[in-house]
Amino acid sequence: MIEALLDLARRRVAGGEEGDGGGADALWRRAERTSVAFEWGRLKSAGATEETGINLRVRHRGRVGVAGMTGIVGDDAGTRQAAPLLDRAVASAELGEELELAFPSRAPLPRVPTFFDRAADASLDQLIQLGQGVLERLTREGCQVNVAIEREVSETRVANAAGAEGAYRATAVGVTADVWRIAGDDVLTVGDEITGADLPAQRELDGLVQSITARLGFALAIAAPPEGALPVVFTPAGLSAVLLPITQGLSGKAVLQGISPLGKKVGERVFDERFALTDDPLVPGRAASRPLDDECVPSRVTSLVERGVVRRFVYDLETAARARTASTGHGQRGIFGKPVPAYTNLILGETGNGKRERSPQFGGGLLGDIKDGLVVDELIGVGQGNVIGGAFSHPVALAYRVERGEITGRVKDAAVAGNVYELLGRIAGFGNDARWSGTRFAPSLLLEGVSVARR
Amino acid sequence: MIDRLAAALTRARADYTEIRVERLWSSSVTFRGRRLESATVSEDQGGFVRVLNRAHGWGMASFTSLDQLERMVARANELSRAVRLERAVELAPVAPQRAEAILDLDGDVRGVPLAEKKRLVESYNGAMLGVSGSIVDTLAAYRDEVNEYWYVNSEGAALHELRPEVVLSGTATARRDGTIEKGLESIGLRRGWNAVQDRTADFRRVAERAVQLLDAPRVKGGTYPVILDSELAGVFAHEAIGHLSEADFVYANPQMREMMVLGRRFGKPVLTVGDDGAAPGLRGTLPFDDEGTPTRNTVLIKEGVLVGRLHSRETAAAMGEQPTGNARAISFRHAPIVRMTNTYIANGRGTFEDLIQDLKLGVYACGAFGGQTLLENFSFTAAYGHMIRDGHVAEMVKDVVLAGNLFQTLDRIDHIAGDFQWNQMGGGCGKGGQAPLPVTEGAPHVRIEAALIGGDVSAVT
């Protein structure tokens with residue numbers, strides 16, 4: 001069906017004087033989501049979403065434009081609805097910038113499992129029972145529990161006028177749970193989630209329940225916050241504030257705009273020599289995995305940081321063309337707007353210690369050496385402000401005090417601050433608790449000299 | 001369309017059914033640095049069906065192909081019947097509204113050529129780039145929208161609306177060696193093309209601020225008396241009071257009901273806070289919410305005492321209170337949930353000078369990069385700040401992050417000036433995976449006796 005659209009585009013877009021200024025690519029995606037929500041301890045709603053859309057990009061006389069649409073009637077985007085979509089894309093290109101955008105040609109695609117029958121075939125009742133099971137195991141006196149299950153089945157087709165194409169079906173399942181405890185004016189919420197391409201295994205569900213239960217248990221006692229430049233363990237979930245400036249700085253787009261502190265640092269050691277960061281779209285069973293990106297570039301593993309040395313940035317076709325380099329296969333596009341560079345599965349590892357055994361223990365075995373410090377599990381306001389510079393300052397949402405190697409209680413009314421480029425220059429410890437948090441796989445990290453303030 | 005939706009309702013088998021359909025026309029132009037990023041026109045459409053049966057829960061279905069309408073009504077009913085409840089969901093009564101509401105399009109954006117929009121945004125972008133050689137990156141973004149909206153429910157409501165919106169934003173990044181600073185401003189209006197003209201000075205100011213911040217020291221972390229400017233005070237009202245007033249957090253939770261009991265004192269008598277979905281001419285204003293309930297002004301805190309909260313029909317029924325017209329969805333892809341509209345801190349008395357004249361040392365926190373609440377804890381990031389020394393505004397400082405406990409901070413608001421204004425910012429509110437929802441915030445200058453300011457925390461240890 002996008003073939004018909006691309007045929008139409010081939011005839012319409014012009015190559016200009018040189019004859020190489022034309023081209024087009026398109027993405028068609030259909031997704032069906034089923035969701036079940038347990039609110040405050042009881043099953044509350046069930047929902048279904050069906051969405052189909054097309055995103056078309058054309059290069060017309062050397063200029064690039066895009067257009068998107070939903071509301072596709074049946075399978076018929078090739079004729080009646082295609083023409084106005086193409087008109088809009090060409091109109092967008094007429095105002096667009098000149099760009100030597102090279103659409104990739106046909107290439108073999110890697111094999112990566114993205115579709116799991118068990119997830120696709122799960123009935124509504126099965127999803128309800130899955131949620132009910134989690135809910136029952138988390139229910140306790142004085143607490144309220146929310147659980148949500150979402151299952152998505154999607155089909156993606158992407159093709160260009162140069163003959164490259166790819167199509168795949170994918171499933172994704174998310175289980176989120178949070179437990180609330182309110183005592184007077186103290187509001188405590190502890191949550192976790194499982195995401196994957198298949199239904200979660202029993203072991204993963206056990207892990208979810210244990211993770212919430214353990215952190216809730218530690219949180220019941222309140223400890224006075226420490227103050228000063230202290231050792232702080234950032235859990236896999238708590239690492240967001242520390243990693244966000246790095247991922248923003250490794251985006252080819254930020255480098256191109258001249259705002260990345262890492263822009264001129266390829267080949268330089270910027271981080272602790274054990275620090276490694278990899279983008280891997282080929283991990284089996286992850287929802288972000290796919291055989292090709294949304295611009296027909298085959299998926300492959302990209303090493304971003306190796307042994308603390310910056311290796312490369314992520315690019316989509318446009319930023320690569322502007323930076324005179326090749327796309328790394330990180331083009332991501334929605335139904336509306338143009339593609340943007342985006343990560344798939346981000347793997348933070350310790351160089352030379354990739355296969356360390358996982359331990360479910362909170363803190364990843366890093367607490368023993370801490371005389372006085374914190375474990376940070378969640379911060380408030382991550383992503384606000386001037387992120388890319390590397391400085392951060394956030395109040396804690398969920399953090400624990402560590403004294404003489406033991407957790408002594410939850411810390412309230414404290415804020416942590418620092419500069420990630422200073423903190424990640426020397427990492428005092430990698431935890432043995434590496435796990436997935438959304439699309440990121442990381443262990444806990446022990447960082448020294450993090451500023452902790454209290455009021 | 002209304003007839004088609006009404007026909008689908010007559011075939012619906014559930015106790016309660018509602019259908020929303022939206023057809024969106026939108027265009028956007030974005031400049032990044034010296035380049036046009038994109039100029040596009042988009043058309044989006046779809047519907048949302050929500051169904052309720054006695055002794056069952058909500059069944060919901062959203063879709064982008066309107067030819068699937070009848071099937072999706074049936075699907076939502078099946079989903080509702082799969083959800084068995086011991087305690088039925090009740091909806092507070094609302095008289096069914098029938099209305100045709102065509103809002104003032106103020107220069108219909110659909111009639112303005114994309115090339116003309118490109119010219120305007122290019123000139124605003126150029127104004128930022130022209131400020132200084134230290135401006136290394138800019139983002140000038142324009143987006144408009146006309147949303148044709150239909151709503152019907154099985155109680156007899158039938159609404160047809162035409163809702164315009166324009167959002168304009170400027171971000172300037174200044175860099176000197178390793179120091180990178182950002183200026184950011186935006187406006188969001190429920191208006192049209194006429195409303196975004198003559199904004200060059202605003203864009204220039206964004207770039208000037210980014211350059212000034214290069215030389216500004218980081219604020220020293222610690223506890224200070226803090227003056228919030230109107231924009232940040234508005235964000236505070238939204239983040240700290242507004243979210244906690246959303247009844248969906250409260251209604252099913254006995255401990256939370258106790259914490260948020262009406263009549264509880266939250267602040268000094270100077271403090272009055274509310275949410276007004278009917279305030280004329282604002283971005284958060286609409287005649288009805290997404291359950292067909294008329295919008296209105298709801299006072300949340302009156303002279304320091306909690307007197308109201310924001311409701312959907314469901315939360316109002318559960319708490320024995322009145323619906324307030326705050327059930328909102330960002331689009332047909334989502335269910336309506338309890339949200340704010342235009343949230344405000346009401347005017348006090350006196351001037352900004354009255355707030356600072358007796359302060360030996362304090363912080364004047366201005367503009368908002370953003371804010372987040374985790375119920376009792378909140379954080380917001382000011383765009384910039386100034387120290388206050390001996391009763392006067394002194395040097396500019398950066399990295400001003402306010403972190404606080406809601407209850408303590410509300411009680412420490414001791415002075416509110418009489419210079420109220422609405423701030424129609426772009427962006428919007430996020431909750432439950434629905435963002436950005438168009439909202440407005442308004443406030444006068446507000447003084448907090450003592451608040452924790454993050455920033456260069458190591459400087460005080």
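Predicted model: local features only at pLDDT ≥ 70, side-chain atom pairs only at ≥ 80, totals over all residues.
Good morning, colleagues. Let me begin with chain B. Its secondary structure amounts to nine helices and 24 strands. For its 461 residues the globule rule gives a radius of gyration of 23 Å, and the value computed from the model is 24 Å, which is close, so chain B is as compact as a globular protein of that length. Along the principal axes, the C-alpha atoms of chain B occupy a box of roughly 70 × 55 × 35 Å. Buried residues make up 57% of the 461 in this chain. If we take the contacts in chain B between residues at least 6 apart in sequence, 74% of them join residues at least 24 apart.

I turn now to the domains, starting with chain B. The domain assignment places residues 2-215 in domain 1 and residues 222-460 in domain 2. The C-alpha centres of these two domains of chain B are 23 Å apart. Where they touch, domain 1 of chain B contributes 36 residues and domain 2 of chain B contributes 31. On the domain 1 side, the elements of chain B that give two or more residues include β1 (16-32), β5 (135-153), β6 (158-176), β7 (179-189) and α4 (200-215). By class, that side of domain 1 of chain B holds 18 nonpolar, nine polar and nine charged residues.

Chain A is also assigned two domains, domain 1 covering 2-219 and domain 2 covering 222-454. The centres of domain 1 and domain 2 of chain A, taken over C-alpha atoms, are separated by 23 Å. Here 40 residues of domain 1 of chain A meet 33 residues of domain 2 of chain A. Which element supplies the largest share of the domain 1 side in chain A? That element is α5(A), with six residues. The side of domain 1 of chain A that touches domain 2 of chain A comprises 22 nonpolar, 11 polar and seven charged residues.

Next, the contact between the chains. In this model 69 residues of chain B are in contact with 64 residues of chain A. The largest share of the chain B side, 11 residues, comes from strand β2 (residues 35-52) of chain B. The residues on that side of chain B divide into 27 nonpolar, 28 polar and 14 charged. There is also strand pairing across the two chains: β2(A) runs parallel to strand β3 (residues 58-63) of chain B, and six bridges join them. As one example, A:A46 has B:G59 in β3(B) as its bridge partner.

A helix of chain A also bears on this picture. Helix α2 (residues 82-95) of chain A has 14 residues, which at 1.5 Å a residue should span 20 Å; its end C-alpha atoms are 20 Å apart, in agreement. Its buried residues are A:A82, A:L85, A:L86, A:R88, A:A89, A:V90, A:S92 and A:A93. What do the buried residues of α2(A) pack against? They pack against α1 (2-12), β2 and β3 of chain A, together with β2 of chain B.

Let me close with two examples of strand pairing. One of the bridge pairs links B:A172 with B:G183 in β7(B). The two strands form a hairpin with two residues between them, and B:D177 in the turn has a positive phi of about 50°. Is β7(B) mostly covered or mostly uncovered? β7(B) is mostly covered, with eight of its 11 residues buried.

The second example is in chain A. Six strands make an open sheet of mixed pairing, in the order β11-β10-β9-β14-β21-β20. Because β11 (309-310) and β20 (435-437) of chain A stand at the edges with a single partner strand each, one side of each is left without a neighbour in the sheet. A:V305 has A:V310 in β11(A) as its bridge partner.

Thank you for your attention.

Terms used. Residues numbered from 1 in each chain as written. Chains lettered and ligands numbered in written order. Helix = DSSP H or I, 4+ residues; strand = E, 2+ residues; numbered from the N terminus. Rg over C-alpha atoms; globule rule 2.2 N^0.38 Å. Buried ≥ 20, exposed ≤ 12 C-beta atoms within 10 Å, placed from the backbone. Contact = placed C-beta atoms within 7 Å. Domains from an automatic or database assignment. Nonpolar A, V, L, I, M, F, W, Y, C, P; charged D, E, K, R; others polar. Pairing = 2+ DSSP bridges. Expected span 1.5 Å × (residues − 1).
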